[in-house]
Amino acid sequence: MNVGIRNPVAKGFFYLLLLIWAVSVIYPLIWTLLDSLKDNEQFFIHAPWSLPDFPLLWSNFSYVWSKYNFNTYFVNSLVVTVGSTLLGLILSAMTAYVLARYKFRGSNFLYLLYIASMMIPFILALIPLFFLMNSMHLINTKLGLILVYSSSLLAFGIFVLVGFFKSLPKELEESATIDGASHFGTFFRIMLPLSQPGLITVAIINVLNIWNEYVVGTIIVNDPTQYTLPIEIAVMQQEMQYRTEWGPLFAALLVTIVPVLIMYILFQRKIASGITAGAVK
Amino acid sequence: MKSGSSKLQRNIFIASFIIPTFVFYCIFTVYPVIKGLYYSMFDWSGMSQNKEFVGFRNFKDLFHDPIIWKAIGNDYFLVVGKVIGIMVIATFFAVALTRFNFKLAGFLRSVYFIPNILSVVVIGVLWNFIYNPQIGFLNGFLSLFTKEKVSITWLGFTSHTIWMLLPPAIWAGIGFYMILLIAAIQNIPDSLYEASELEGAGQWQQFRKITVPLIWEQMKVSILNIMMTTLNGSFVIVWIMTQGGPDNSTQVMGSYLYQMAFQQYHFGYGASIGVLILVLSLITTVVLQRLLRHETVELG
């Protein structure tokens, strides 16, 4: 039972605060869309919140897509995100399963070693990573990004998946062993399918993180053909000081935002459970 | 004999599942972190020939570098501002959306999380536009009330510009911590609230006597997390919005590290800033844990 707020004035006031915040969150997305349909002149003559003039400049989108090469950046982001999410997921699922189900010397230490990296500021590794990638000839490659990103996903993945595997009933493996399944068979045929909800949760959180990542990207990649979306957005906004193309800039933002927004709408429950699982330390 | 071979099978299985991940992790995470500590002892421009071991000289130089002090100050300004701003607002939202019986609660919860799915780069660009002196929202809004068009360069003051970075940082952080706190509140047994209601306790009393003490652990985790992510990651918002300027006034440790290493090629010096960030975040973690534990005793 929950009585809520009795005082109608207080209730109205709280509601107002909540709605103001909702507007402050949604409105930037709307204005991004509206401003992506304007030309420069409209930015300088009209107020920033004014509606775009007709005809709407949908051409801003085709302009950033082909002239600014967002087709390339979009594909780069896609390849890097999918690649590192899959690799990170496989590597963390394997280790998480063993850490959750097998006791061996050093297993606790190993678990702590992975978890500890969540406490270490990653920025410390930035300079060495640059030189490591350089010596491995992985600078300016999507593979380089994928390797570094998937490694950065391990701690979170292992942490959440160890918890998940531990929550699955032990009888499943025991009966599988009695039926003569090998360790590998048990994992691939029984445990992996059962752990799908956990794997999907981790994968979604990872996709969001990698799609949006900027720092490592800007260190490892400086060849424009290999840029991911956030790297290009940052470059593009710096160029705005010399050539003003506000409409295309907002179109570019939208190209970057829409995929994660769709993912969020589809998977919001998973995302909420993922961050809750990842933060209970 | 049989148990021997099954033990072998077990070990092979464990090894083949543990080792690939571990090797991978060592190469791309453990090694760079350790190497970061190592590089901080060198004077190094990036070429292998002129890498000179200098011991702790980089740290001595850091100590005498006025910019790093400015950067540390800015970092902690952001930590304090974000902890207060995010925790107050996120806690309020979490309570309002779980305990106030609002009809739109589910919808609002989904909406509030949206900034957290955006790249910090996108957030920086959006807020740059709000602050833009000629065509931005803020000046446009203020111009409604003035005769002359307002054209304040919000990100151009040599002092206090760091204040301008606080609203985007808070705006971007709230949804995440609200979700964590909502989960914590939902774990509180309803019976506690019901019992207190019978005793005539109002929302405020329930908040102070039940909610806060029972979600304190989660609040603590959140505060520590805000501190860590700020010291480690405020680089991006600074870099996108001000590049540490004007005149280094919004420099944070991360942006200074980036500038020193990747723009001025003082890689050893940059690495020593990385070590400084590590040390400060560990110290702050310990201090905060002490402070916040004390608080629980008082409340409990």
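**Where the chains meet**

I began with the contact between the two chains of this predicted model. I found 94 residues of chain B in contact with 93 residues of chain A. Together the chains bury about 8700 Å², and 78% of that is on carbon and sulfur atoms. On the chain B side, B:Phe17, B:Phe28 and B:Ile117 lose the most area to chain A, together 9% of what that side buries.

**Confidence**

For the complex it gives an ipTM of 0.92 and a pTM of 0.92. Chain B has an average pLDDT of 90, with 96% of the residues scoring at least 70. Chain A averages 89, and there 98% of the residues score at least 70.

In chain A, helix H8 (residues 171-178) is lowest, at a mean of 80, whereas H4(A) is highest, at 96.

**Transmembrane regions from the record**

I then turned to UniProt. Its unreviewed entry for chain B places "transmembrane region" at residues 12-34, 76-98, 110-130, 162-185, 223-242 and 267-288. I checked two of these spans in the model. Residues 162-185 of chain B are 100% helix, with end C-alpha atoms 34 Å apart. Residues 267-288 of chain B are also 100% helix, and their end C-alpha atoms lie 31 Å apart.

For chain A, the unreviewed entry in UniProt lists residues 12-34, 73-99, 111-131, 143-165 and 246-267 under that feature. Residues 12-34 of chain A came out as 100% helix, with 31 Å between the end C-alpha atoms. Residues 111-131 of chain A are 57% helix and 0% strand, and the end C-alpha atoms there are 28 Å apart.

**Helix H7 of chain B**

I wanted to see how the length of this helix compares with expectation. At 1.5 Å a residue, the 26 residues of helix H7 (residues 161-186) of chain B should span 38 Å; the end C-alpha atoms are 39 Å apart, so the two agree. I also noted a bend of about 35° in H7(B) at B:Ile174. The helix is mostly covered, as 23 of its 26 residues are buried.

Leaving aside neighbours within four places in sequence, A:Thr85 is in contact with A:Leu153, A:Ala203, A:Asn206 and A:Val207.

A:Ile90 is found in helix H4 (residues 70-101) of chain A as well. This residue is partly exposed, with a relative accessible area of 48%. I also looked at A:Ile90 and A:Gly157, which are 67 residues apart in sequence and 9.5 Å apart in space, C-alpha to C-alpha.

Most residues other than glycine have a negative phi. A:His137 lies in the loop between helix H6 (126-135) and helix H7 (142-167) of chain A, and counts as exposed at 69% relative accessibility.

In chain B I found B:Asn248, whose phi is positive and near 60°. B:Asn248 lies in the loop between helix H9 (203-241) and helix H10 (253-263) of chain B. With a relative accessible area of 22%, B:Asn248 is partly exposed.

Methods. Residues numbered from 1 in each chain as written. Chains lettered and ligands numbered in written order. Predicted model: local features only at pLDDT ≥ 70, side-chain atom pairs only at ≥ 80, totals over all residues. Heavy atoms only, no water. pLDDT = per-residue confidence, 0-100. UniProt positions renumbered as here; feature names shortened; annotations may be inferred. Helix = DSSP H or I, 4+ residues; strand = E, 2+ residues; numbered from the N terminus. Expected span 1.5 Å × (residues − 1). Bend = angle between axes of the 7 residues up to and from the residue. Buried < 20%, exposed > 50% of the residue type's maximum accessible area, 1.4 Å probe, protein only. Contact = heavy atoms within 4.5 Å. Buried area = accessible area lost by both parts, 1.4 Å probe.
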